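Let's walk through this one together, from the overall layout down to a single side chain. Have the coordinates open as you read.

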Amino acid sequence: MKNIYIICGKTDMRKGIDGLATLVQDSFELDPYSDSIFLFSGWSKDRYKCLYFDGDGFAMLYKRLDNGKLQWPKNENEVRNLSQKELRWLLEGLSIEQPKAILPSSKGVF
């Protein structure tokens, strides 16, 4: 998978595949057919949807948490490209910004 995108803010969770793909394309100017997953959450932050095009059609995952809520970023006009680690944090109920986490190092100059 090339990219993991999170659609920040609140999404109308009544939207199905076509509505979410249109939102990705029209509001955020991203290609819903790309090798990417797109994540959406609604008002309650205890459920999310994941949209993915697998080459011959769209798949949508819908999950409702029994315990706890997601720390979903609130900026309605923002889409973020997440790393695998940030995705894991988000889906475990943590913030995608972990200031105490050890971040990858950039190449140093000796």
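Helices here are DSSP runs of H or I with at least four residues, strands are runs of E with at least two, and both are numbered from the N terminus. Read along the sequence, the pattern is β-α-β-β-β-β-α, giving two helices and five strands. Keep in mind that this is a predicted model: local features need pLDDT of at least 70, side-chain atom pairs count only at pLDDT 80 or more, and totals for chains, interfaces and linings use all residues. Residues are numbered from 1 along each chain as its sequence is written, and side-chain values use heavy atoms, with hydrogens and water left out.

Now for the inside. Of the 110 residues, 37% are buried (under 20% relative accessible area with a 1.4 Å probe, protein chains only; exposed is over 50%, partly exposed in between).

Zoom in on S41, in strand β2 (residues 36-41). Is S41 buried or exposed? S41 counts as buried because its relative accessible area is 0%. Its contacts (heavy atoms within 4.5 Å) beyond four places in sequence include G9, K10, T11 and W72. The S41 side chain also reaches the backbone oxygen of R47 at 3.0 Å.

Key. Polar contact = N/O pair within 3.5 Å; in protein donor to acceptor, adjacent residues only side chain to side chain.
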